[in-house]
Amino acid sequence: MLDRRQLPRNRVYYGGLVTFNGRSSTIACAVRNFSMFGAKIEFEGAALVPDEVDFEIERKAISCTARLVWRSRDAAGLVFANVHEESGVVPLAWARKLRASEQANRRLQSRLDQLLSEY
């Protein structure tokens, strides 16, 4: 197979996280090789992953958008679109808390509107 990578990848074993559907769907993965341009990831079992995903390696404080360039039943190759190292990237846990807060805010606003209309 022809290797078209810009930089060689280092063999690693990091925990990673692939998110999609507005960060509402997540899949844990193992990062097997890595460079600043891409990575090979492995899933446990078959995973249905879209072509465009958000990818995070918490240990390296890296979060970016990635595109799948190849995939097999339990692995995939990613190329990174924009790598951020702790540059205002919202961690997944914070994004979930924000979404929950926004939903609670909408419910409270709806209740407030209901009470005001009865008054």
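**Salt bridges and aromatic rings**

Asp54 has a relative accessibility of 25%, so this residue counts as partly exposed (buried means under 20% relative accessible area, exposed over 50%, and partly exposed in between, with a 1.4 Å probe and protein chains only). The model is a predicted one, in which local features need pLDDT of at least 70 and side-chain atom pairs count only at pLDDT 80 or more, while totals for chains, interfaces and linings use all residues. Residues are numbered from 1 along each chain as its sequence is written, and side-chain values use heavy atoms, with hydrogens and water left out.

Asp54 takes part in a salt bridge with Arg23, at 3.8 Å from N to O (a side-chain nitrogen of Lys or Arg within 4 Å of a carboxyl oxygen of Asp or Glu). Asp54 belongs to strand β4 and Arg23 to the loop between β1 (10–20) and β2, so the contact ties together parts that are 31 residues apart in sequence (strands, E, of at least two residues are DSSP runs, numbered from the N terminus). Arg23 is buried, with 14% relative accessibility.

The whole structure contains 3 salt bridges. In another of these, the closest N and O atoms of Arg71 and Asp51 are 2.4 Å apart. This pair also links distant parts of the chain: Arg71 is in strand β5 (residues 62–71) and Asp51 in the loop between β3 and β4, 20 residues apart. Arg71 is partly exposed at 41%, and Asp51 is partly exposed at 47%. Glu42 and Lys40 form a salt bridge as well, with their closest N and O atoms 3.8 Å apart. Glu42 is partly exposed at 27%, as is Lys40 at 26%.

Phe34 is in strand β2 (residues 25–34) and Phe80 in strand β6 (residues 75–85), 46 residues apart. Both residues, Phe34 and Phe80, are buried. Phe80 also pairs with Phe55 in a stacked arrangement, 5.6 Å centre to centre with 20° between the planes. Phe55 lies in strand β4 (residues 52–57) and Phe80 in strand β6, so the pair connects parts 25 residues apart in sequence. Ring pairs join Tyr14, Phe34, Phe55 and Phe80 into a cluster.

The chain has a mean pLDDT of 83 (the predictor's confidence in each residue, from 0 to 100). Within the chain, confidence is lowest in β6, at a mean of 78, and highest in strand β3 (residues 38–42), at 92.

Conventions
Helices (H or I, at least four residues) and strands (E, at least two) are DSSP runs, numbered from the N terminus. Rings of Phe, Tyr and Trp (its six-membered ring) pair if their centres lie within 6.5 Å; planes under 30 degrees apart count as stacked, over 60 as edge-to-face and the rest as tilted.
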